[in-house]
Amino acid sequence: GSMELLSCISVLLGQKMVMGCASFGYSSWTHVRVKSFGARETFSCRNTSFFRLKSNPSESVSLSSSKESKSSDQKSKAKFPKTNYTEIQKKSAYNELLKALEVQRTSSKTKDHLSDSDILWYLRDRRYDVNESVLKLKKRLNWILSLNQLLNSSDSQQLRDEIQRELATNKTVVHPFVDKYGRRVLIVNAKHHVQGEFSMNSTRILIKSVLDELIEGLPDDSETILVVFDLRGFAFQNADLSLVDYLINVFFNYYPRRLDQVLFVEAPLIFRPTWAFVKPLLGQYSRIVSFVSRTQVRSYFNSQKETPNNF
């Protein structure tokens, strides 16, 4: 009733203000460790590097279409669009893409961020369309390089200090166990996020760090992640709409097909206007969102031991 109307008005007013700021938003959502180094700095999430390491030259990349179909009981596999390409055509497209990215693969600035598996992933994402794959991969490289520049700027020490403070908020936790489908799990404690508390730059670096940890820690037979938003205690100050807009862009452009499902746990009434804003941005991908209770979260895990402590 009246309370819902007030919450709608509050969030819409907040939306007007935050959307007037930089589109990337001001917030953080990760729980990782930061490791500094001399000439080059690496942000680590446990044992994984912020910067993706170059693939082994002998790395074998399979072009098989076996992963391109996904049954309902294979939720850990990415949902790639179907293609009528033969194995020969796929191999030809892959080689053509390698040639198109020859400059990036030999550049000292970008070669470490363009593994063979990355190239194949984007090719599958773009239905083996070489031109589309090149555009999307270059966009990802530019994003990574922009974050790298932040770490080498004149005020990088100030940024590192801010990141340390942001880490201490414990807004997100990378769950040590996979769910019953084999997906890596990220827990987001929404009530611990306050929009505007941290800078955009700190947030952007942390977002990439936590996503890289999730993906690099995937089991061999798994490709996707599950994100669980704990919305208990959610309030107006937690509704960072510009951050949501940025995250959608990150998942679509830089980690395509990786996000398999999102759980909103115990969503309160005040969250409704936020969801009304978010849903249209997701488009057809809103189908991956489920509203669940705390008890229902447990059904996504094999045992009580593997269930996040929050639930």
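Helix H2 (87-100) passes helix H5 (residues 130-151) in a right-handed crossing, meaning that the near helix is turned clockwise from the far one by less than a right angle. Helices here are DSSP runs of H or I with at least four residues, and strands are E runs of at least two, numbered from the N terminus. The two axes, lines fitted to C-alpha atoms over the stretch in contact, lie 10 Å apart at an angle of about 40°. That makes H2 oblique to H5, since angles under 35 degrees count as roughly parallel, over 145 as roughly antiparallel, 65 to 115 as roughly perpendicular and the rest as oblique. Ala-93, Glu-96, Leu-97 and Ala-100 of H2 meet Val-130, Ser-133, Val-134 and Leu-137 of H5, where contact means heavy atoms within 4.5 Å.

A word on what you are looking at: this is a predicted model, in which local features need pLDDT of at least 70 and side-chain atom pairs pLDDT 80 or more, while totals for chains, interfaces and linings use all residues. Residues are numbered from 1 along each chain as its sequence is written, and side-chain values use heavy atoms, without hydrogens or water.

Beyond its neighbours within four places in sequence, Leu-97 touches Ile-119 and Leu-123, among others. In the largest nonpolar core, of 60 residues, Leu-97 is one of those touching the most other members, along with Trp-143 and Phe-264. Such a core joins buried Ala, Val, Leu, Ile, Met, Phe, Trp, Tyr and Cys residues through side-chain atoms within 4.5 Å, buried being under 20% relative accessible area with a 1.4 Å probe, protein chains only.

Conventions. Axes are lines fitted to C-alpha atoms, for helices over the stretch in contact, and angles run from 0 to 180 degrees between N-to-C directions. Buried means under 20% relative accessible area, exposed over 50%, partly exposed in between (1.4 Å probe, protein chains only).
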